[in-house]
Amino acid sequence: MELPSPATLAVAGTLVVVVPNQEGLLVCADRRTYDSERGDVDTNLKIGKLNKWAAVASTGHTTYVRQSDFSVEYDANDEAEKFVAANGFSPSAAYWNSLEAQIEADFTRYAGKHPGWKPPAAWNQILFQTSFSYLDGAQKPHVVLILFFFDGTMLRAAWSEQRLTSVLTFGNDAVRLELQHGKDPRFEDLRSQLRMKPFLTETVRADSVTPDDAKSFAVWLIRVTSEMTHLLENSTDHVGPTADCAMVSRTRGFYWFPVDAGKHPPQPKEPR
């Protein structure tokens with residue numbers, strides 16, 4: 001019997017922000033997902049713990065659910081966590097090639113359960129992207145990004161190591177690009193904020209960024225992206241105003257970094 005065609009719970013417009021800092025790598029992501037049935041939902045944790053020294057976060061159309069009950073049939077973070085649980089975490093070109101191939105195989109297998117179904121239209125043919133932020137054995141920070149493409153006929157994945165700058169963003173970065181390179185006068189007040197300017201101009205060094213400063217910038221960028229994106233584009237690539245953050249620390253390893261004073265960080269599932 002043919003399975004029902006799945007509704008897409010699209011984490012489209014998610015903004016993941018990675019900020020190198022004195023302690024390690026801070027990873028923050030908004031909490032909003034969007035699908036055609038429920039609209040915006042601001043309760044989703046998009047960061048996962050891979051092991052003590054590594055975090056995963058995905059953006060784009062990363063999660064696919066049954067239309068009848070919204071049960072998850074495919075989730076990019078879950079697939080990455082399962083791969084690490086089965087194979088360990090030993091970053092190298094061979095390791096990333098293997099994970100890339102596994103992502104292709106897993107998604108193709110999932111799509112094969114739904115004859116005639118095709119994934120949703122993807123901006124720039126990128127269906128989703130999964131980022132891996134980690135510290136190596138020498139405690140040097142790295143960020144690797146796996147892009148999953150769909151051009152209408154073929155599904156494929158490709159990985160690359162990212163150059164670490166003052167801040168990395170994945171997902172809907174239209175507001176960040178406007179703040180960095182644009183001239184829209186409606187954004188001038190934001191561009192001129194002195195505490196944030198060194199991050200936007202990429203003139204701040206990681207060894208001078210405190211964890212709290214890293215969090216302040218990441219959460220600020222997520223909030224202003226949620227508030228200002230509609231001025232630049234009209235799409236369902238929604239970014240929510242609330243965020244979660246995790247630190248991959250040289251001294252403590254992975255831990256949830258408090259976003260709001262007096263509030264406890266999230267208590268998500270541990271990796272498989």
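This is a predicted model: local features need pLDDT of at least 70, side-chain atom pairs count only at pLDDT 80 or more; totals for chains, interfaces and linings use all residues.
**Strands, a hairpin and a helix pair**

Good morning. Residues are numbered from 1 along each chain as its sequence is written, and side-chain values use heavy atoms, with hydrogens and water left out.

Strand 3 (residues 24-30) and strand 13 (residues 243-249) run antiparallel and are joined by seven bridges. Two strands pair if DSSP finds at least two bridges between them. Strands here are DSSP runs of E with at least two residues, helices are runs of H or I with at least four, and both are numbered from the N terminus.

Which sheet holds this pair? Five strands form an open sheet in the order 12-2-3-13-14, with antiparallel pairing. Strand 12 (168-171) and strand 14 (253-257) are its edge strands, each pairing on one side only. On average, neighbouring strands of this sheet are turned by 20° against each other, direction ignored.

Helix 6 (residues 211-228) lies across strand 2 (15-20), strand 3, strand 12, strand 13 and strand 14. To strand 2, helix 6 runs at about 160°. Such angles run from 0 to 180 degrees between N-to-C directions, and axes are lines fitted to C-alpha atoms, for helices over the stretch in contact; contact means heavy atoms within 4.5 Å.

I turn now to a hairpin. Strand 7 (residues 54-65) and strand 8 (residues 72-75) pair in the antiparallel sense over three bridges. T63 has D75 of strand 8 as its bridge partner. Six residues lie between the strands of this hairpin, where F70 takes a positive phi near 65°.

Finally, how do helix 1 and helix 2 cross? The axes of helix 1 (residues 76-87) and helix 2 (residues 93-112) come within 11 Å and cross at roughly 130°. The two helices are therefore oblique to each other, a class left over once angles under 35 degrees (roughly parallel), over 145 (roughly antiparallel) and 65 to 115 (roughly perpendicular) are set aside. Helix 1 contributes E79, F83, V84 and N87 to the contact, and helix 2 contributes Y95, S98, L99, Q102 and D106.
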